[in-house]
Amino acid sequence: MAGPAGRLDAVLVCGGRWHDFDYARLRLLELIGEHPRVRTTVFQDYDCAAALEGADLLVTYTCDVRPRPAERAALARFVERGGRWLALHGTNSVIEPPAPGGPRVFTTPRLLGEVAAVLGSQFLGHPPIEPYEVRVTRPGHPLVAGIEPFTVTDELYVCELHGELEVLLHAEYTGPCRGFAESDTAAVDDAPRPVLYLKRHGLGEVCYFTLGHCRGRYDTQDLGVADTGRVDRGPWETPEFLTVLRRCVARTVGGRGPEGVPAHR
């Protein structure tokens with residue numbers, strides 16, 4: 001519910017592992033800032049229950065950020081009471097890196113609790129980062145209207161899905177996710193991979209967009225790579241991604257975006 005003079009309060013959670021969160025945080029704040037009614041409080045993890053109590057919208061860009069039980073309950077309550085949650089990229093991930101000296105295999109334990117059901121998915125793995133095609137599942141929906149199939153360089157997420165999802169963008173992939181313990185899941189499950197979807201929960205809504213990978217030179221030092229020697233902006237240089245993301249932000253705010261696209265049907 002908007003405050004005095006129509007003010008809306010947002011919580012942005014941006015942090016975790018193996019990504020350039022400084023870059024993602026800046027770009028997301030720029031997009032949120034296109035909506036003058038919104039005032040944003042920024043966190044690096046889910047220790048934000050008090051802020052969520054009075055928030056209208058939540059935007060998350062994380063990787064392996066694990067909410068504690070009380071934080072999981074606060075996230076679920078936020079959506080149940082009518083909050084709008086725009087979840088990006090690795091928000092649905094819990095990833096254990098390989099043990100020192102052991103096989104280079106990442107595991108994805110189910111430690112999100114009720115948050116996985118609220119989000120509608122949990123990350124299992126991805127094939128190597130390379131260009132792939134994103135297809136439009138529901139071309140008549142305002143979030144993707146006018147968007148043609150496009151090629152993006154990103155992590156193609158293979159996820160365990162929960163509940164009824166309204167899939168708007170998807171990718172096709174049936175190969176393995178080498179380096180992940182559940183690699184074979186991708187090989188045997190030939191269902192389209194949701195890239196953008198909506199999910200109702202209680203009175204609120206989750207909008208999940210799996211794209212958004214970005215990585216700087218120094219973001220994998222805990223994996224033994226001191227300097228990757230390159231900066232990876234991934235889809236942040238793809239016009240279709242930016243167009244759809246701007247629309248997703250507008251929908252989460254609950255008004256009209258800069259392009260005049262209605263936030264809700």
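This is a predicted model: local features need pLDDT of at least 70, side-chain atom pairs count only at pLDDT 80 or more; totals for chains, interfaces and linings use all residues.
Student: Let's go to Thr62. Why is Thr62 called buried?

Tutor: The cut-off for buried is under 20% relative accessible area. Thr62 comes in at 1%, so it counts as buried. As for its place, Thr62 sits in strand β3, residues 57-63.

Student: Which residues is Thr62 in contact with, leaving aside neighbours within four places in sequence?

Tutor: Here a contact means heavy atoms within 4.5 Å. On that basis Thr62 is in contact with Val13, Gly15, Phe21, Tyr46, Leu88, Gly90 and Thr91.

Student: Now the cysteines. How many disulfides does a search of the whole structure find?

Tutor: The search comes back with 0 disulfides. To be called one, a pair of cysteine sulfur atoms has to be within 2.5 Å. Take Cys14: the closest cysteine sulfur is in Cys214, 7.8 Å away, so that is too far for a bond.

Student: What makes the phi of Asp64 worth a look?

Tutor: Start with the background: most residues other than glycine have a negative phi. Asp64 isn't a glycine, yet its phi is positive, near 60°. You'll find Asp64 in the loop between β3 and α3, the latter being residues 69-80. With 10% relative accessibility, Asp64 is under the 20% limit, so it counts as buried.

Student: And what is the phi of His89?

Tutor: Positive, at about 45°, although His89 is not a glycine. His89 belongs to the loop between β4 and α4 (114-119). Its relative accessible area is 0%, so His89 is buried too.

Student: Why is Gly82 called partly exposed?

Tutor: Partly exposed covers what falls between the buried limit of 20% and the exposed limit of 50%. Gly82 has 26% relative accessibility, so it counts as partly exposed. Gly82 is in the loop between α3 and β4.

Student: How far apart are Gly82 and Leu203?

Tutor: Along the chain they are 121 residues apart, but their C-alpha atoms are separated by 4.2 Å. Not counting residues up to four places away in sequence, Gly82 touches Leu203 and Gly204.

Student: What makes Glu164 exposed?

Tutor: Glu164 has a relative accessible area of 74%, so it is exposed. Glu164 sits in the loop between β8 (158-161) and β9 (166-171). Beyond four places in sequence, Glu164 touches Leu198 and Lys199. From Glu164 to Ala117 is 47 residues in sequence and 10.0 Å in space, C-alpha to C-alpha.

Student: How do you know where empty space is left?

Tutor: By rolling a probe the size of a water molecule over the atoms. In this structure the search finds 1 cavity of 30 Å³ or more. About 30 Å³ of space lies in the largest cavity.

Student: Which residues line the largest cavity?

Tutor: Arg84, Trp85, Leu86, Glu205, Cys207, Arg251 and Thr252 do. The elements giving two or more residues to that lining are β4 (84-88), β11 (204-209) and α6 (239-253). β4 gives the most, with 3 residues. Sorted by class, the lining has 3 nonpolar, 1 polar and 3 charged residues.

Student: And how much space lies in the largest pocket?

Tutor: About 580 Å³. The pocket is lined by 25 residues, and the closest to its centre are His126, Glu155, Arg215, Thr220 and Leu223. By class that lining has 12 nonpolar, 7 polar and 6 charged residues.

How values were computed
Residues are numbered from 1 along each chain as its sequence is written. Side-chain values use heavy atoms; hydrogens and water are left out. Helices (H or I, at least four residues) and strands (E, at least two) are DSSP runs, numbered from the N terminus. Buried means under 20% relative accessible area, exposed over 50%, partly exposed in between (1.4 Å probe, protein chains only). On a 1 Å grid over the protein atoms alone, a cavity is a set of points where a 1.4 Å probe fits but cannot get out, and a pocket is an open set with protein on both sides within 12 Å along at least five of seven lines; lining residues have an atom within 4 Å of a point. Grid points are joined across faces, edges and corners, and a volume is the space filled by probe spheres set on the points. Ala, Val, Leu, Ile, Met, Phe, Trp, Tyr, Cys and Pro count as nonpolar, Asp, Glu, Lys and Arg as charged, and the others, Gly among them, as polar.
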